[in-house]
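User: I am new to this structure and would like to be walked through it by questions. Could we begin with the charged pairs and then turn to the strands and the surface?

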Amino acid sequence: MKILKFGGTSVGSAERIKSVASLINNGEKKVVVLSAMSGTTNSLVEISDSLYKKDKSGALELIQRLEEKYNAVVDELLKDTVQNAAGHTLVLDRFNTLRKIAGNNFDILGEKEVLAQGELISTHLMYYLLQEQGISSALIPALDYMRIDENGEPVMGLIREGIASQLEKFPNAEIYITQGFICRNPKGEIDNLKRGGSDYSASLIGAALKAEEIQIWTDIDGMHNNDPRIVENTKPIAQLSFDEAAELAYFGAKILHPTSVLPARLENVPV
């Protein structure tokens, strides 16, 4: 099985979500890890900042604006009546969650729940689109298997057992859609993986499943033999060892942080 991760720009619009759906529909079993739609996390951070400042009305205005944006995405993305209705119900539920959080005493736990909404929405929208297109797929919630300990480190035993259990529920599915970045802490509270975000999620899933390979899809064509911001006519490198990739990252290559692929390195899963 392969793990494919798509970042925010890859699912940044209805058109791009459709492109990803087309790309992943190739007859191979795979787990697809998605980030939030581009711009969403920044908006959620802005909402959190308003709530920390006790500016509830400002936060509610930001929530309303983002909700309207997502309802427009649903109408552009989902044409089938049933799936379109499911999309709008999803948006309403997620944004009612945000409004409920805004009505409480806001703290770090509230912030983490706010930040989780982007990935929850993007993955559901992708799943509904695949259903509309008749593609065999399943939505496996990261909050049901991705676990960290009290130090914020992944608990690989629980992750391995949890994701295997999720996959067993849908043995005939061709594509498994899941969220990057989000997880639960030892108290069962919504949390996140912090460093590396969705890349880290893909690496952890790939390691847990001992995947054939992990693919990080992005708008950059790979690691180059020098810094293209400084040196002209650089070329992407077709193959690197983990050590070489880490060295390039040390000297400023931001495409893939070595800590985010450490789980894959430990299990010798190609990235």
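Analyst: Before the charged pairs, one term is needed: a salt bridge is a side-chain nitrogen of Lys or Arg within 4 Å of a carboxyl oxygen of Asp or Glu. Please also keep in mind that this is a predicted model.

User: Which residues are linked with Lys-2 in a network of salt bridges?

Analyst: Lys-2 and Glu-213 meet through their side chains in a salt bridge of 3.9 Å, N to O. That pair links distant parts of the chain, since Lys-2 is in strand 1 and Glu-213 is in strand 7, 211 residues apart. Lys-2 is buried at a relative accessible area of 17%, whereas Glu-213, at 23%, is partly exposed. The network of salt bridges links Lys-2 with Glu-28 and Glu-213.

User: Which helices hold Arg-99 and Glu-67, and how many residues apart in sequence are the parts that this pair ties together?

Analyst: The side chains of Arg-99 and Glu-67 meet in a salt bridge, with 3.0 Å from N to O. Because Arg-99 lies in helix 4 (residues 81–102) and Glu-67 in helix 3 (residues 56–77), the pair ties together parts that are 32 residues apart in sequence. As for their cover, Arg-99 counts as partly exposed at 24% relative accessibility, while Glu-67, at 8%, counts as buried. The helices asked for are helix 4 for Arg-99 and helix 3 for Glu-67, and the parts are 32 residues apart.

User: Why is strand 2 described as largely enclosed by the rest of the structure?

Analyst: In strand 2, Lys-30, Val-32 and Leu-34 point one way, whereas Val-31 and Val-33 point the other way, and all are buried. Strand 2 (residues 30–34) is largely enclosed because the number of its residues that are buried is five of the five.

User: Which strands are joined to strand 2 by five bridges?

Analyst: Strand 1 (residues 2–6) runs parallel to strand 2, with five bridges joining them, and Lys-2 has Lys-30 as its bridge partner. Strand 1 and strand 2 also make a right-handed β-α-β unit together with helix 1 (residues 14–24). Strand 2 has five bridges to strand 4 (residues 175–179) as well, again in a parallel arrangement, and there Val-31 is partnered by Tyr-176.

User: Which residue does His-224 join through a polar contact of its side chain?

Analyst: His-224 is found in the loop between strand 7 (213–217) and helix 8 (242–250). At 17% relative accessibility, His-224 counts as buried. Its side chain is joined by a polar contact of 2.7 Å to the side chain of Thr-234.

User: What accessible area do Tyr-52, Ile-108 and Leu-109 have together?

Analyst: One of the three, Leu-109, lies in helix 5 (residues 108–132) and counts as partly exposed at 34% relative accessibility. Tyr-52, Ile-108 and Leu-109 form a nonpolar patch on the surface, and their accessible area together is about 260 Å².

Note on methods. Residues are numbered from 1 along each chain as its sequence is written. This is a predicted model: local features need pLDDT of at least 70, side-chain atom pairs count only at pLDDT 80 or more; totals for chains, interfaces and linings use all residues. Side-chain values use heavy atoms; hydrogens and water are left out. Patches are made of residues with over 30% relative accessible area and no salt bridge: like charges are joined within 9 Å, nonpolar side chains (Val, Leu, Ile, Met, Phe, Trp, Tyr) within 5 Å. Accessible areas come from the Shrake-Rupley method with a 1.4 Å probe; for residues, only the protein chains shown count as cover. Helices (H or I, at least four residues) and strands (E, at least two) are DSSP runs, numbered from the N terminus. Buried means under 20% relative accessible area, exposed over 50%, partly exposed in between (1.4 Å probe, protein chains only). Two strands pair if DSSP finds at least two bridges between them. A crossover is right-handed if, with the strands pointing away from the viewer, the path from the first strand over the helix to the second runs clockwise. A polar contact is a pair of N or O atoms within 3.5 Å; within protein, one must be able to donate a hydrogen and the other to accept it, and residues adjacent in sequence count only if both atoms are side-chain atoms.
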